[in-house]
Amino acid sequence: MIRPLFAALAAVLLAGCAHMPLGASESNAAETNAAETDRPAILPIMPAQDPEAALMLGVLVGEMAVRSGQYEEAARYYGAAALLSDDPAIAERATRIALFAQDRNQALQSSERWRQLAPESLDALQLSTVLRLDLGQPDPAAQQMGEVIDLQAVQGGDPYAALGAVVGQTRNREAALEALRKLTDQRQDDVGVHRVYAEAALRFAPGEPALEAAAHGVERFPEAVPLRLLHARALDEAGESDEALEVLRTTVADHPESREARFGYARMLAEHDDREMAREEMDRLVEQDPEDAQLLLALALMNLEAEQLGPARTYLERLDALGEREGDVAYYLGRLHELEEDPEGARQAYERVEGGNHADDARLRAARMTLEIEGDAAARERFEQMQQGPDVELARRAYLGEANLLREKGEYAAARERLNRGLVQFSGDARLLYMRGLMHEREDDIEAAEADFRTILDNDPDNVAALNALGYTLADRTDRYEEALDLIERAYAQEPDDAAIIDSYGWVLYRLGRLDEAEDFLRRAYDLSDDGEIASNLAVVLWERGERDEARAILEAALEREPDHERLLRVRDELLE
């Protein structure tokens, strides 16, 4: 019903704009029209003969549209207002509304107006650059990336962090890498640009593209430690671990005082289970500065990530004794106790975290430990305090965290009930709907699961998680295979390296009888992740193709890792017994 209202309002304002104000002369009108000849073109819906009234119309109708949830309409009117206004705040709002409406072309137009009105705004420049990348425009994006570096340098910040922020926000990885490649050609002597390019390539295109980007940077700057470390990481991810370790060993030998080089070497040694050598390098680091809290914490985290719990405890307890980084130390001691399967020790550690970046997560984890130790009823009060508290994001996380814990315990009805409460408080929240859809699927209510996933897609048609979840559900639990394939293909187009999506693709191909293709996709997924669901799907396809020894081996190995995995157990029973 909102569109007729817009039309009526526009008609009223247009009627008022068709006449000059009382007392205005024809000469004044001519002067006004002449002064507006350099104004940019505006939408036909706007009263061009009176730009001031047109501006008021654009803002007023745009705000009404926002409040009514008609974001596309709001973006059109606000975009027109931005072209007429000299206020950068209107152009910024027009840009953000267009983004919310997922109209990137309109958002780019408004962001360019914002840049024009606020040339010193790094936010405007960064957002415009992200939009150009999203729209597949690497040439102008590369030019603007250079402007991001220059503007941030003038303003006194880290120019390469600003560039990395742009790259991290884009959805178009190919355009980002192409723009960065062009930028390295334009700024061949800028080591920071080469570093950001190599980092992005490692993130977006591991393998040969990342190797080429890192090797090119090292060739240009052979003594740059960060580039040598990135080259080693690219080699390691490409399966050249021995060569990667040699690169790091040589880097440490060439730069013995570089903490960054030695830390990188120690980290990779730990990842490859060379504990003795890793410990030697870590000891050398600590010898250089035995009370460096940042270093001790970094070493603790490195060992936690590698699940080397003894060394991690040593560094954390050393920090605790120094009284440094108390909140961080307590939080990571909690994580350590979790890995040691000591929920009470973890809860006590988390309860020591009184502030800082980890405070919210510590509260959530303490509630989780309470649920594990004392059960759902005892944890209810802790979760409810967060769910009803003033921090909106923490409240959402508390609903999701509690529901996920109940899901892990197989208490699907209880998990769904918590999510229902959350959706009363946060109507239409995509994360809560997604989790509830999963609960419905586990309870065999496929119609309700589909309804939740489709609600997400109605508001965000490109939501990858919902596309994949709905596609997999239809492939696994119905015979609507072609519909499932279309949904999964849309998810795959956006995230072609995601193991869960590759698994879904393989499973729907299996259901369509395309066994050769199904096996290829499922093997790819299994190479990326040994998750129990992926393992069970691959085992089914291999069994169907007569490769039964390998299917048995995959199931047995997966059940050793996840002995209580429902799908693995079901598939084993169906195939082997």
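Glu-341 is located in the loop that joins helix H19 (326-339) to helix H20 (343-350). In this predicted model, Glu-341 adopts a positive phi of about 60 degrees although it is not a glycine. Most residues other than glycine have a negative phi. With a relative accessibility of 71%, Glu-341 counts as exposed, because the threshold for that class is over 50%. A second residue of this kind is Asp-444, a residue other than glycine whose phi is positive and near 65 degrees. Asp-444 is placed in the loop between helix H25 (430-442) and helix H26 (446-459). The relative accessible area of Asp-444 is 54%, and this residue is therefore classed as exposed.

The secondary structure of the protein chain consists of 33 helices and 0 strands. Along the principal axes, the C-alpha atoms of the chain fill a box of roughly 90 × 60 × 50 Å. The chain has 577 residues, of which 48% count as buried. Among contacts in the chain with a separation of 6 or more, 52% are accounted for by residues 24 or more positions apart.

The confidence of the prediction was examined along the chain. The average pLDDT is 87, and 91% of the residues score at least 70. Over residues 1-42, the pLDDT is below 50. Where pLDDT is low, the predicted coordinates should not be read in detail.

In the pair formed by helix H13 (residues 225-237) and helix H14 (residues 241-254), the axes come within 7 Å and cross at roughly 165 degrees. H13 is therefore roughly antiparallel to H14, the cut-off for this class being over 145 degrees. The crossing in which H13 passes H14 is left-handed. On the H13 side, the contact involves Val-225, Arg-228, Leu-229, His-231, Ala-232, Leu-235 and Asp-236. These residues meet Ser-241, Glu-243, Ala-244, Val-247, Leu-248, Thr-250, Thr-251 and Asp-254 of H14. By class, the residues in the contact of H13 with H14 comprise 7 nonpolar, 4 polar and 4 charged.

In the second pair, the axes of helix H29 (residues 499-511) and helix H31 (residues 532-544) come within 10 Å, with a crossing angle of roughly 30 degrees. H29 is therefore roughly parallel to H31, since angles under 35 degrees fall into that class. The crossing of H29 and H31 is left-handed. H29 contributes Ala-499, Asp-503, Trp-507 and Tyr-510 to the contact. From H31, the contact draws on Glu-533, Ile-534, Asn-537, Val-540, Val-541 and Glu-544. The contact of H29 with H31 contains 6 nonpolar, 1 polar and 3 charged residues.

Arg-132 is situated in helix H7 (residues 122-134). The relative accessibility of Arg-132 is 14%, so this arginine counts as buried, the limit for burial being under 20%. When residues up to four places away in sequence are not counted, Arg-132 touches Leu-108, Glu-112, Gln-137, Pro-140, Ala-141 and Gln-144.

Arg-96 belongs to helix H5 (residues 88-100). A relative accessible area of 40% makes Arg-96 partly exposed. With neighbours within four places in sequence left aside, Arg-96 is in contact with Trp-114 and Leu-127. Arg-96 and Leu-555 are separated by 459 residues in sequence, and their C-alpha atoms are 49 Å apart in space.

Thr-473 lies in helix H27 (residues 464-477). This threonine has a relative accessible area of 7% and is therefore buried. Apart from neighbours within four places in sequence, Thr-473 is in contact with Glu-441, Ile-446, Phe-453 and Thr-478.

Key
Residues are numbered from 1 along each chain as its sequence is written. This is a predicted model: local features need pLDDT of at least 70, side-chain atom pairs count only at pLDDT 80 or more; totals for chains, interfaces and linings use all residues. Side-chain values use heavy atoms; hydrogens and water are left out. Axes are lines fitted to C-alpha atoms, for helices over the stretch in contact, and angles run from 0 to 180 degrees between N-to-C directions. Helices (H or I, at least four residues) and strands (E, at least two) are DSSP runs, numbered from the N terminus. Angles under 35 degrees count as roughly parallel, over 145 as roughly antiparallel, 65 to 115 as roughly perpendicular and the rest as oblique. A crossing is left-handed if the near helix is turned anticlockwise from the far one by less than a right angle, and right-handed if clockwise. Contact means heavy atoms within 4.5 Å. Ala, Val, Leu, Ile, Met, Phe, Trp, Tyr, Cys and Pro count as nonpolar, Asp, Glu, Lys and Arg as charged, and the others, Gly among them, as polar. pLDDT is the predictor's confidence in each residue, from 0 to 100. Buried means under 20% relative accessible area, exposed over 50%, partly exposed in between (1.4 Å probe, protein chains only).
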